Amino acid sequence: MCEQGRPDETRHGVRYFAGEVSDAYLVRADIQRGLSVVVWRGRHVVEPTELSDAEAAAYGREVLRVSRALLAVLRPVKLNYDVLGNSVPHLHTHLVPRYADDPRPGWPFPFPEQDPPAMPEERLRADAEALRRATG
């Protein structure tokens, strides 16, 4: 993630927020509508505990800004916040919108084991644009 710079698009997602310390990407895979990843774009860190207090505050504010946009635009009943880094050792936060009709309400989101198809391009672009507007 450090080496990719701050691209508008990656093979995994479309950027809709470019903050001071992070970028938010709408995930291309059709796993859950609005699934987003907020990527720390400062120096390389793996854990949030490696951030200074000022860095952590800035990152937290930007994660909340993106979260508020997801809530306003897509109206999920809940958001899950996953800071994992097991397979990609660079600080990033998965924001998982949860809907009343999702696959397992009340439980952690059941990510598929197989690679899912891509989200329909028209919906991906429309959602990214709406989220871009909502993050201001």
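Visitor: Which residues lie nearest the centre of the largest pocket?

Guide: This is a predicted model, in which local features need pLDDT of at least 70 and side-chain atom pairs count only at pLDDT 80 or more, while totals for chains, interfaces and linings use all residues. Residues are numbered from 1 along each chain as its sequence is written, and side-chain values use heavy atoms, with hydrogens and water left out. A pocket here is an open set of points on a 1 Å grid over the protein atoms alone, where a 1.4 Å probe fits, with protein on both sides within 12 Å along at least five of seven lines, and its lining residues have an atom within 4 Å of a point. The largest pocket is lined by 28 residues, and those nearest its centre are His 12, Val 27, Val 37, Val 88 and His 94.

Visitor: Which elements give two or more residues to the lining of the largest pocket?

Guide: The volume of this pocket is about 810 Å³, taken as the space filled by probe spheres set on grid points that are joined across faces, edges and corners. Elements are DSSP runs numbered from the N terminus, helices being H or I of at least four residues and strands E of at least two. Those that give two or more residues to the lining are strand 2, strand 3 and strand 5 (92-98).

Visitor: Why do the buried residues of helix 2 line one face?

Guide: Helix 2 covers residues 121-135, and its buried residues (under 20% relative accessible area with a 1.4 Å probe, protein chains only, whereas exposed is over 50% and partly exposed lies in between) are Leu 124, Asp 127, Ala 128, Ala 130, Leu 131 and Thr 135. Because the directions from the helix axis to their C-beta atoms define the arc, the view down the axis of helix 2 gives the reason: its buried residues fall within an arc of 165°.

Visitor: Which exposed residues does the face of helix 2 turned away from its buried side carry?

Guide: The buried residues of helix 2 pack against strand 1 (13-18), strand 2 (22-27) and helix 1 (53-74), with contact meaning heavy atoms within 4.5 Å. The face turned away from that buried side carries the exposed residues Glu 122 and Arg 133.

Visitor: Is Tyr 59 buried or exposed?

Guide: Tyr 59 is placed in helix 1, and, leaving aside residues up to four places away in sequence, Tyr 59 touches Val 21, Ser 22, Val 38, Val 39, Trp 40, Leu 51, Leu 91, His 92 and Thr 93. Its relative accessible area is 7%, so Tyr 59 is buried.

Visitor: What phi does Arg 75 have?

Guide: Arg 75 is found in the loop between helix 1 and strand 4, and at 63% relative accessibility Arg 75 counts as exposed. Although Arg 75 is not a glycine, its phi is positive, at about 55°.

Technical notes
Expected span 1.5 Å × (residues − 1).
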